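Below is a short briefing on the fold of one protein chain.

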Amino acid sequence: MVDAFWLQSPQQLIDGGGDPSTISDATKASLTNIQADDLLSKYGERMGRRKLDALIVVASDGSSDTKSLSADDILGLVTIEVRLLNSNDLLSADESEFRLTQAVASLGPKQRREYKDASVLDIARELLPPEVTAVCSLSNLCTSPKARRMGIAAKLCSEAERLAKDELNFDEIYLRVESENSAAKRLYEDKLGYKCKFEANSVALRVDAERGGFVEIDSDIVVMSKKL
């Protein structure tokens, strides 16, 4: 994902506009470790029940079985997760889980027990302000440079949409994309049928090539959705 998305994206994602070919191996290794930890924390196994459903969809070249996939076998991936949506943005997974947990924690002991096994949809609908809703979101779409212009991104999105409907029981799926990312917007709007819900100013991540990490920048974003 570091090479396919952060360093070789058609959109410039290096802070300050650096040249990806000048990124050192040490910096790549640092970025890879940070990205792996982030994906593992959001989509990997963990102790206790995960409050917000989260899935990774992977496209491979078919040369290896699922359990033994290497980075070279992966042609692309996309992630799906349940998040909270407010009137300004899709909230992060951490912020979404925090708000849901706090909403239940604010109740008395008897009411807390009633919501112990409640769905995220029920908690959001009954305990959060009306402008905050639980939605299924698509994110982290990326394809390997060797597999671009083969329709893989569209196929990944289609599978994500199927899972959102059939496995997670949502009838609509959301995503956020930076306003300046014209290639992604064309894919979502023209090929996949997503429609703009609203535009807002938010934050986006960029590669900090000097420190081998990521930094937040202000960015105009578009939140889109599609009925399933």
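In this predicted model, helix α6 (residues 152–166) lies across β1, β2 (74–85), β3 (133–143), β4 (172–178) and β6, where contact means heavy atoms within 4.5 Å. The helix runs at about 155° to β3; axes are lines fitted to C-alpha atoms, for helices over the stretch in contact, with angles from 0 to 180 degrees between N-to-C directions. Helices (H or I, at least four residues) and strands (E, at least two) are DSSP runs, numbered from the N terminus.

**Sheet**
- The open sheet has 6 strands in the order β1-β2-β3-β4-β6-β5, with mixed pairing; two strands pair if DSSP finds at least two bridges between them.
- β1 (54–60) and β5 (195–208) are the edge strands with a single partner each, so one side of each has no neighbour in the sheet.
- On average, neighbouring strands are turned by 30° against each other, direction ignored.
- β5 and β6 (residues 213–227) run antiparallel and are joined by 13 bridges.
- Asn201 stands opposite Asp220 in β6.

**Loop residue**
- Arg211 sits in the loop between β5 and β6.
- Its relative accessibility is 75%, so Arg211 counts as exposed (buried is under 20% relative accessible area, exposed over 50%, partly exposed in between; 1.4 Å probe, protein chains only).

**Whole chain**
- The chain contains 7 helices and 6 strands.
- Of its 228 residues, 43% count as buried.

**Basis**
- Residues are numbered from 1 along each chain as its sequence is written, and side-chain values use heavy atoms, without hydrogens and water.
- Local features need pLDDT of at least 70 and side-chain atom pairs count only at pLDDT 80 or more, while totals for chains, interfaces and linings use all residues.
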